[in-house]
Structures are given as C-alpha cells and as structure tokens.
Amino acid sequence: MKENKKQLCQAIKFTMFSVSAGVIQIGSFALLEIFIKDYWIAYLISLVLSILWNFTLNRRYTFKSAANVPVAMLKVFGFYLVFTPLSTYFGNMAETAGVNDFVILILTMSANFILEFLFCKFVVYRGKEDTLQK
C-alpha cells in the first residue's frame, strides 16, 4: 500500500510540475507567435524552455534522484531526439492542413506529458529514485 501512495504522489507532483512547464511553454509560444510566424520555430524554442524547467524540478522533487545529472539529462535529450522531430513534423503537417496552432500544441503537450513521465520513471530514474540527500 505504501508503494501505491508513493506512486500516486509522484504522479501528482509530475503533473503539477508539467502544468507549470506547460504554462511556460504556452506563454513563450504565444509571445513567440507574435514575432515568429513559423510554427516549428516557436514550438522548438518554447519546448526547450519547458524541458529545462520540467527536468530540473522533477529530478529534485518528484523522483528525488541523485543520479548523475549529465547522464540523466542525456537520457532525456535522447527522448527528445525522437519526440521533437516527430512532434514538429506532425505539428507542421497539421498546421498546413489548417488545424489551429494552439490545438496542435495542446495535443502535442498531452502526448509529451504521458510519454515523458513513463520514460523518466522507467528509464531515466529507474533504480535511482529517492537517492537525493536533503
């Protein structure tokens, strides 16, 4: 039962930090859309800002991991080496087809949220959770 509570706590924390990263991503995307009319450029910049924020908070507070930060970041970078080109490509296709940029962004962010949690939990911090000393 204690493990289930821990898992729920992690999911809640990850969700809260992801929401804050989402606010950063949407806010920066909205600002960039004013000046940059290409979806993919605004998307990539806002994505990088949210990734850095989310990684930092989740490593420290959600997974409480003392895992080697550069190695953990490289694993997350690997995730985004796959996710970013695919989401950018399909987002650009959807924009070309007339789908609203913010609808595309919200769908992409939802997929990112689910996939990144699973990747962090089972790849990045596997066996290295709760190792951070206070």
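User: How many helices and how many strands does the protein have, and in what order do the elements run?

Analyst: This is a predicted model. The protein holds four helices and zero strands. Read from the N terminus on, the order of the elements is α-α-α-α.

User: Which radius of gyration does the protein have, and why does it agree with a compact globule?

Analyst: For 134 residues, a compact globule would have a radius of gyration near 14 Å. The C-alpha atoms fill a box of roughly 50 × 30 × 20 Å along the principal axes. The radius of gyration of the protein agrees with the globule value, at 16 Å.

User: What percentage of the contacts with a separation of 6 or more joins residues 24 or more positions apart?

Analyst: The contacts considered here are those in the protein with a separation of 6 or more. Of these, the share that comes from residues 24 or more positions apart is 79%.

User: What part of the accessible surface belongs to carbon and sulfur atoms?

Analyst: Of the 134 residues, 37% count as buried. The accessible surface comes to about 8,000 Å². The part of that surface belonging to carbon and sulfur atoms is 74%.

User: How far apart are the mean positions of the positive and negative charges?

Analyst: The protein has 13 positive and 8 negative charges.

User: Which residues does Tyr80 contact, leaving aside its neighbours within four places in sequence?

Analyst: With its neighbours within four places in sequence left aside, Tyr80 is in contact with Leu47, Ile51, Pro85, Asn112 and Glu116.

User: Is Leu57 buried or exposed?

Analyst: Leu57 lies in helix H2. Not counting residues up to four places away in sequence, Leu57 touches Phe17, Ser20 and Thr62. Its relative accessible area is 17%, and because the limit for a buried residue is under 20%, Leu57 is buried.

User: Which residues does Leu49 touch, not counting residues up to four places away in sequence?

Analyst: Leu49 is found in helix H2. With 41% relative accessibility, Leu49 counts as partly exposed. Once residues up to four places away in sequence are set aside, Leu49 touches Ile24 and Ser28.

User: How far apart in space are Thr96 and Tyr39?

Analyst: Thr96 is found in helix H3 and counts as exposed, at 66% relative accessibility. In sequence, Thr96 and Tyr39 are 57 residues apart. From C-alpha to C-alpha, the separation of Thr96 and Tyr39 is 9.8 Å.

User: What distance separates the C-alpha atoms of Ile12 and Cys120?

Analyst: Ile12 is found in helix H1 and counts as partly exposed, with 44% relative accessibility. Along the chain, Ile12 and Cys120 are 108 residues apart. Their C-alpha atoms are separated by 14 Å.

User: What is the phi of Lys64?

Analyst: Most residues other than glycine have a negative phi. Lys64 lies in the loop between H2 and H3 and is partly exposed, with 29% relative accessibility. Lys64 is not glycine, yet its phi is positive, near 45°.

User: Where is Asp130 found, and what is its phi?

Analyst: Asp130 is found in the segment after H4. Its relative accessible area of 41% makes Asp130 partly exposed. Although Asp130 is not a glycine, its phi is positive, at about 55°.

Notes: Residues numbered from 1 in each chain as written. Predicted model: local features only at pLDDT ≥ 70, side-chain atom pairs only at ≥ 80, totals over all residues. Heavy atoms only, no water. Contact = heavy atoms within 4.5 Å. Helix = DSSP H or I, 4+ residues; strand = E, 2+ residues; numbered from the N terminus. Rg over C-alpha atoms; globule rule 2.2 N^0.38 Å. Buried < 20%, exposed > 50% of the residue type's maximum accessible area, 1.4 Å probe, protein only. Areas by Shrake-Rupley, 256 points an atom, 1.4 Å probe, with all protein chains shown as cover. Lys, Arg positive; Asp, Glu negative; His and termini not counted. Charge placed at Lys NZ, Arg CZ, Asp CG, Glu CD.
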